[in-house]
Amino acid sequence: MDMFDIGEGCSSLSEGMSRIKCPVMVLGITTDNFYPIWQQKEVADVLQKSGNGAVTFYEINSIYGHDTVLLDLSNFGVAIKGYLETSLEVCGNVSKSLKTEDKCGIWSEQLSAEFDNAY
C-alpha cells in the first residue's frame, strides 16, 4: 500500500482521483496510527474536489486503532452496512458497462445510459 500512487502517470493527485467515478466510502478510525484520520479526510476531500459527488466519509471512534476492522465489528460493521444499503438504494444494480481509456492512459468502465434506459 505504501508504494501505490493513484496520481502516477497524471499531473496531480487530483487528476488521478478524478478517474474514480463510482460511489466511494472512505472510512477512518480516530486511533489508527497506520492510516491516520487526517489522511482519510484528505482522500475524501480530494475525491469530492475532483468531481466525485458520491463520496461518503465515516469516522469511527475506537480504542483498537488499526485493528478496529478485526476487533470492533459493531461499529465497523454498522458503518459498512449503512453505506451499502444506502448505495444500493440510490444507485441500484448495474450490469452493463463500456470500457474507455482516460487521459492518463488508464482503462475504466462507464455505465451505459442506453442500457439503463432500456430496462
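The backbone oxygen of Gly-16 lies 3.0 Å from a polar atom of the side chain of Arg-19, and the backbone oxygen of Ile-6 is placed 2.4 Å from a polar atom of that Arg-19 side chain. The model is a predicted one, in which local features need pLDDT of at least 70, side-chain atom pairs count only at pLDDT 80 or more, and totals for chains, interfaces and linings use all residues.

Arg-19 belongs to the loop that runs between helix H1 (13–17) and strand S1 (24–29), where helices (H or I, at least four residues) and strands (E, at least two) are DSSP runs numbered from the N terminus. With a relative accessible area of 18%, Arg-19 is buried, a term that stands for under 20% relative accessible area (1.4 Å probe, protein chains only). Its C-alpha atom is separated by 9.2 Å from that of Gly-51, although Arg-19 and Gly-51 are 32 residues apart along the chain.

As for confidence, the chain averages a pLDDT (the predictor's confidence in each residue, from 0 to 100) of 77, and 71% of the residues score at least 70. Confidence is highest in helix H2 (residues 37–49), at a mean of 94, and lowest in helix H5 (residues 113–118), at 42. Over residues 104–119 the pLDDT is below 50, yet this stretch has 27 contacts in the model beyond near neighbours in sequence, a contact being heavy atoms within 4.5 Å.

Key: Residues are numbered from 1 along each chain as its sequence is written. Side-chain values use heavy atoms; hydrogens and water are left out. Buried means under 20% relative accessible area, exposed over 50%, partly exposed in between (1.4 Å probe, protein chains only). A polar contact is a pair of N or O atoms within 3.5 Å; within protein, one must be able to donate a hydrogen and the other to accept it, and residues adjacent in sequence count only if both atoms are side-chain atoms.
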